[in-house]
Amino acid sequence: HKVQGPTSLVDIQARSTAIQPTRILWGVDSCKAITGSPTGADGIFPQVASRFGTPDFWGRYLTDTVCPGISSAEIAAAAHFHMGLLPIYNQYNCSNVVGYDTGKGYAVAATAAAQNLGISQGRAIAIDIEPPGDACPGAVNVDAGFVQGWFDGVVAAGYVPTYYGNGTGGSEFASAWCSAVSAWPALADRSYLWSFQPSLLGNFNKNSAPGYAPNQTGCAGNMAAWQYQIDSSMSAPSDVDHDEALSTLPLWYP
């Protein structure tokens, strides 16, 4: 007898929706301006590119403080090289990082500056939360209210809250962060963390950067960036700190 084959397809494969793979981006951040030229022909950009490699992204300040705020020439140069920008806000007393109203006030000022620069909504804006020390003794008091205030103010303006701080569990920032997440779980899903710990010694460049391994806070959160080395070379300073970031961090590409 002849065997009848199936009348319907049996080899069916289930497919998920397509997703973008996560990559590790290499970058730097600096107090100094990237360049004064729309093509990156001068300033520290050519020095950094020749010494370490062309960054995938660059962290720069939104406003004039002890560091100059990012200029239109820098933004044009980033567009020229298709280099992402990570906007940073620190126009405040670094010891004054306490309370909801303070955090929200900084967020209002930061997002207004971002809008004036033409930074697209949906992009990350990082608040610079320095470690306690002689320059910022009050940073030891950073609290959950400050974390929540920054979040609410940045989200209300259509940007993505990001926090630069010590990502080590038990640190002042990590404790404030975890307290905030415990009270407002949405923080962990809708914002990003950028840890400056651990800070490594050694000679690194784009091709020899360490494996992505920032310290973790010990609670929920998207640890999406790591400043793995500060500019500590006394013999040949580079004027930049070295960073890595996950490609999921919503950088701004002018």
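Asp 42 counts as partly exposed because its relative accessibility is 36%; the class lies between buried (under 20% relative accessible area) and exposed (over 50%), computed with a 1.4 Å probe on protein chains only. The structure is a predicted model, in which local features need pLDDT of at least 70 and side-chain atom pairs count only at pLDDT 80 or more, while totals for chains, interfaces and linings use all residues. Residues are numbered from 1 along each chain as its sequence is written, and side-chain values use heavy atoms, with hydrogens and water left out.

**Surroundings of Asp 42**

- Asp 42 belongs to the loop between strand S1 (24-29) and helix H1 (45-51); helices (H or I, at least four residues) and strands (E, at least two) are DSSP runs, numbered from the N terminus.
- Leaving aside residues up to four places away in sequence, Asp 42 touches Ile 34, Thr 35, Gly 36 and Ser 37, where contact means heavy atoms within 4.5 Å.
- The side chain of Asp 42 reaches the backbone nitrogen of Gly 36 at 2.8 Å. A polar contact is a pair of N or O atoms within 3.5 Å; within protein, one atom must be able to donate a hydrogen and the other to accept it, and residues adjacent in sequence count only if both atoms are side-chain atoms.
- From C-alpha to C-alpha, Asp 42 and Asp 64 are 21 Å apart in space, and they are 22 residues apart in sequence.

**Aromatic pairs**

- The model holds 15 aromatic pairs, counted when rings of Phe, Tyr and Trp (its six-membered ring) have centres within 6.5 Å; planes under 30 degrees apart are stacked, over 60 edge-to-face and the rest tilted.
- Tyr 89 and Tyr 92 form a stacked pair, because their ring centres are 6.2 Å apart and their planes are at 25 degrees. Both of these tyrosines, Tyr 89 and Tyr 92, are buried.
- Tyr 89 also pairs with Tyr 106 in a tilted arrangement, with 6.2 Å from centre to centre and 45 degrees between the planes.
- This second pair links distant parts of the chain, since Tyr 89 is in strand S3 (residues 84-89) and Tyr 106 is in helix H3 (residues 100-117), 17 residues apart. Tyr 106 is buried, as is Tyr 89.
- One aromatic cluster is formed by Tyr 89, Tyr 92, Tyr 106, Phe 146 and Trp 150.

**Helix H4**

- H4 is largely enclosed by the rest of the structure, because 10 of its 13 residues are buried. Among the buried residues of H4 are Phe 146, Trp 150 and Phe 151.
- The elements covering these buried residues include S3, H3, strand S4 (124-128), S5, H5 and H6.
- The 13 residues of H4 should span 18 Å at 1.5 Å a residue, and the end C-alpha atoms are 18 Å apart, which agrees; the expected span is 1.5 Å times one less than the number of residues.
- Gln 148 lies in helix H4 and counts as buried at 7% relative accessibility. Beyond residues up to four places away in sequence, Gln 148 touches Tyr 100, Trp 184 and Leu 187.
- Gly 158, which follows H4, has a positive phi, near 90 degrees.

**Helix H5**

- The 12 residues of helix H5 (residues 172-183) should span 16 Å, and the end C-alpha atoms are 17 Å apart, which agrees.
- The buried residues in H5 are Phe 173, Ala 174, Ala 176, Trp 177, Ala 180 and Val 181. They lie on the same side of H5, because they cover an arc of only 160 degrees around the axis, taken from the directions from the helix axis to the C-beta atoms.
- These buried residues pack against helix H4 (144-156), strand S5 (160-165), helix H6 (186-190) and S6.

- S5 is mostly covered, with 6 of its 6 residues buried.
- In a regular strand the side chains alternate between the two faces of the sheet.
- Val 160, Thr 162 and Tyr 164 are buried on one side of S5, and Pro 161, Tyr 163 and Gly 165 are buried on the other.
- S4 and S5 run parallel and are joined by 5 bridges; strands pair if DSSP finds at least two bridges between them. Ala 126 stands opposite Thr 162 in S5.
- Ser 195 is found in strand S6 (residues 192-195) and counts as buried at 0% relative accessibility.
- The side chain of Ser 195 reaches the backbone nitrogen of Gly 167 at 3.1 Å. The residues that Ser 195 touches, not counting those up to four places away in sequence, include Gly 165, Asn 166, Pro 214 and Trp 226.
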